[in-house]
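User: I'd like to go through the labels on this one and see what each of them rests on. Can you show me the model before we start?

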Amino acid sequence: MKRRAIASFFIAAAITLNGCMSTRQSALDATGIEARSILHLWWFFLILLGTIFAIVMILTLGALLRRQPASERQFVEQHHTPPQERERKLSRMVSGAGVITGLILFALIVISVITGKSIAPSGASNALLVTVHGNQWWWYFSYDNDDASKIVVTANELHIPVGRPVLIRGTSLDVIHSFWVPNLMGKRDLIPSRITEEYLTADRPGRFRGQCAEFCGLEHAKMALWIIAEPPDQFQAWMNQQLQPSVAPDDPDKQRGLQVFLNHECIFCHNINGTPAHGQVAPDLTHLASRSTIAAGTLPNTKGNLAGWIADPQRIKPGNYMATVPLESGDMQPLVDYLESLK
Amino acid sequence: MTPTRTLELSGLPRYDISNRDPLFFGQVLLCCIEGSMFCILMAIYFYLRLSVDVWPPPGVQLPHVTAPTIALVPLFLSALGSYWASQGAKKNDRPAMLVGMIGNLILGFIFIGLRYREIATLNFKWSTDAFGTITWTILYLHTLDVIADLMMTVVLTVLIALNRYGPKQRIGVHVDSVVWYFLVAIWIPMYFVLYWGPRWVGTP
Amino acid sequence: MSTLAELPSPQLAAELEAEHQALRRVWNDRGGFWGWFSVTTHQAIGMRYIVTAFIFLLLGGVEALLMRFQLARPENTLLGPDLYNRIFTTHGTTMMFLFAVPVMEGMSVYLVPLMIGTRNVAFPRLNAFGYWMYLAGGLVLYGAAFFNALPNAGWFSYPPLSGPQYSPGKGVDVWAQMITFTEISAMCVAVEIIVTIFRMRAPGMSLNRIPLFCWGSLVQSFMVIFAMPSVMIASTVMLLNDRTIGTHFVNPAEGGDPLLYQHVFWFFGHPEVYIIFIPALGMISSILEADTRRGVLGYPAIVLSQVATAFIGFGLWVHHMFATGLPQIGEAYFTAASMMIAITTGIIIFCWIATLWSGRLRLTTALHFVFGFLFIFVIGGLTGVMLASIPLDLQEHDTYFVVAHFHYVLIGGALFPLFGAFHFWFPKFTGRMINETLGKITFWMLFIGFNVTFFPMHILGLNGMTRRIYTYPVEMGWGPANALATVGACIIALGGILFIANVLNSRKNGKVAGSDPWQAGTLEWAAASPPEPYNFVRLPVVNGRYPLWLPAEERAAVTGMRTDKREILITASVDAEPQFLHVLPSTTIWPFLAALGATIGLVGSILTFSWYYVAVVLAGIGLLGWFWPRRPLEQEG
């Protein structure tokens, strides 16, 4: 009985750990329905085309290594062409190879189009609608809702319910970006003045990293995002939390932090619901502490990292548009304490 | 390994004032390049047109159709001048070449004058919006090509007038006429695209 | 009129010597400082293209090494983001515009007149002008480095990133205008190659007898004619004007569309890679014919496949835009076309394998590079088939998988044939044999180095590494593969250095080659090594596809042409019946002056639009000097 309990404990721990550990940002680690469709197609292509490659290489090496009969060698040396019969046979084989190539390619076209249809936006009625705006160099997300009071705005980290299709509908507010989370789905460009769409559906809980896949300027390399897939009840809990206004500061230290925030340029760019800060051009900070990274996936979200970021954003992401706001000594700690309380 | 059989060709003509000359082929290819450019510009016109609902945008007038339509007359007549000059070049008929080229130049400059008047009365610039951009671009590039060819014709006219010419320059006169035919011909679809397309298809 | 006559040997030898002396006098380029700027012979200009392009290859290679050193370790600090972005942009721009296309053009300019049995290209002054414009374009791009104005928006510069708002400064303007230079140069070469091949072939060389290399040059030249205007429109008319004079082609705020740029650019961009690749196919055919001792199997099939590839190549461009959300049905057509083009290239490869099976192989360095091409290019072609499938492309687009793919097809499909061609035609260019042992070592270093560098990139791409990133976190796990790729890049560099050393040494110390060291079949091997500036004392008359493989009795030559002028023969376009004689221009500095005038104006136009008019005026003056008739005028009648 005790042994069983211990075993169950370890199994549960392993499963939990696996769920907590981030998955490799890889198309080969397909954890979504669409990504898995693509991965199956990939294996089919790889095996088929790999075989063709091997055949072609064997034929090529064969030409190199074979022992040619002396009579044939002399004939070619003299006439600069092989005997007619051989030439005809080879020509037929070339034609045959051409036909086979055509047929294989035709099959590949058909199977690609079928897969393409299966992953395309199809108007699933229970889809969760998420709007994405690409910015240099961060991601704006909003969960759309007909009821305006139920719209959730966040940045750089997206939570989604397991098993439910998510419609990612996006555009860019500056240059072309591309939304890509390989574990879940292929990429979709975000183009100013256009709206593009794709579906993704996680079929297991997990944490999935993505990053911008269209060169967008100086810090294109540091424009990552996280998608957290959770069981539906956990997701709903997260949504409810996000709908709350910001956590009010509950001690003098954090109150001082809020004052520091409001007294500096921070409010020109950032928004914190429930405070006078309503800037719209930078990530929404209302629930900053509920996110696992800062600066679009560049650093883990800890007090130390946040302080370093605020003190000198240009050192971490040179060229990004966050101003370096000089603070008086003694202001940084309360500010960071306050911001890290915004769960 | 020197071959011992020979093909004696010293009796061949030293030139051929016709479409067989390499210069003619080269010029046709240059016209293919320019033609590709204009075709892509026309495709861009349709792309931009089809990506908006209202064309031209409010506040911008379509270019007037009278001036460019009248301008077609000197344009087509000038091609006759080119033809006359080209025929003169083939026959080494100096007066015909001069008459043809001068006629072409006069009518060509009349066309340019009318084009200039038309551009001066447009109520939009290339920086107004996409409609202004593509309309100005097509007009500007075609005008530039026409002026370039007129300059070439001026030089040839001067050479023929000064009697400083041989077969090579006569080939030049012939090939110059081909360029002019191209510029006239390529204008026809662009004329319809710029002035009539938006009027016929119209704004919804 | 025209007669076929037999002449006895000693008299023949004396006549030929006299003709040779006279032709040399007439065809020799003027020496001296100004003479260097007045050259109009195709061998000299072709060699200038090749050497200049090779220098740009080295510069592009240095840029690649810098990138590889930065990426060898995660979170490396060798290059910051700004410098890295400028370097990868310059690397791509250099390789595509300043190396790949010009080197192929240079090979065509050098070899085509020799292969078709004439003395020069159809428009020698245009040839010179094209070279100067190319050189100027390269100098403009690299000169910008001194003004901190290297472009930094990628080699295809997508707006809005490359637009006035997000790329202030002159970098992208320099990029856009450099393209004007290189594209004018490419169009000059294309025009003259087409006219040369159609109008100046040796008598008897009907179109079905021209070497496959010439077919490759011909097809490529037509592609340049119809594709290059598109890049001029995208870069100069659309992007540069949006940046400098406020047009709205790609500005969404005023009715423009960033996707329009992508369409117009890739309408050029896809044919561009075939413009680079198809001449390489011609090189492979030439090498194979000499090193298998037989004419390539399926000559008509290869010709038709090249032509079909060119046509289909114009219909593929949207496969660069699969992630942009275009309508599915349209995209499916481009999938089909992108896969179907594998049939045409596949047929060519199958013909070559059949040629290898049935020929008598001679394992020269050049043939090594042919085998290397087969291995590398087929991999590249197959990953291309993968990328043509939209679902797969949605994962692989803009990742290192694509970087791997295009390096496999470009290096495998163009650079390896090119290196094979360098080793193959080295005796013709220099008169000496290149060291075969060193050549084979070069091959293995390049082959191994290349695969070690680029194969891991397929896996990196699938594992999420996107393109054009200056660094990556250590947690991603991409470090080891990147380090391996950097090692490979160093091996490639060493191979390149060995090649240069081999070339320089063999030029001085290689065995003297003679006209035809490979006992090959095509006409360039009948000329001296290196060729006299007039190529052949008497223009050949051709009776088959491989004139030099015909017995001596079946060979003939043209007599009666003038040796006191640069006279060549014009023949009919299809069946090469002699039509008339034609005198080509001699040395002249006007093409250089016209190019100089155009350059001054175009460089100015990077700063102010009105300098375009300066370009027109100065180039116009140059053209006036170029075409002004010199006395004595050619006689009438």
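User: What makes the contact of E15(C) and R538(C) a salt bridge?

Analyst: A salt bridge here is a side-chain nitrogen of Lys or Arg within 4 Å of a carboxyl oxygen of Asp or Glu. The N to O distance for E15(C) and R538(C) is 2.9 Å, so the pair passes that 4 Å rule. E15(C) sits in helix α1 (residues 9-27) of chain C and R538(C) in the loop between α15 (479-509) and β2 (540-541), 523 residues apart. Helices are DSSP runs of H or I with at least four residues, strands are runs of E with at least two, and both are numbered from the N terminus.

Some ground rules: this is a predicted model, where local features need pLDDT of at least 70 and side-chain atom pairs pLDDT 80 or more, while totals for chains, interfaces and linings use all residues. Residues are numbered from 1 along each chain as its sequence is written, chains are lettered from A and ligands numbered from 1 in the order written, and side-chain values use heavy atoms, without hydrogens or water.

User: Why does R538(C) count as buried?

Analyst: Buried means under 20% relative accessible area, exposed means over 50%, and partly exposed is in between (1.4 Å probe, protein chains only). R538(C) comes in at 10%, so it counts as buried.

User: What makes the pair of E77(A) and R360(C) one that joins two chains?

Analyst: The closest N and O atoms of E77(A) and R360(C) are 3.2 Å apart. E77(A) lies in helix α3 (residues 70-79) of chain A and R360(C) in the loop between α10 (328-358) and α11 (365-388) of chain C, so the pair spans two chains. E77(A) also meets R293(C) in a salt bridge, at 3.2 Å from N to O. In all, the rule finds four across the interface of chain A and chain C.

User: How many residues are in contact there?

Analyst: Contact means heavy atoms within 4.5 Å, and 80 residues of chain A touch 78 residues of chain C on that basis. The buried area, meaning the accessible area (1.4 Å probe) that two parts lose on being put together, summed over both, is about 6700 Å², with 70% from carbon and sulfur atoms.

User: Why is strand β2 of chain A called largely enclosed?

Analyst: Seven of the eight residues in β2(A) (residues 128-135) are buried, so the rest of the structure largely encloses the strand.
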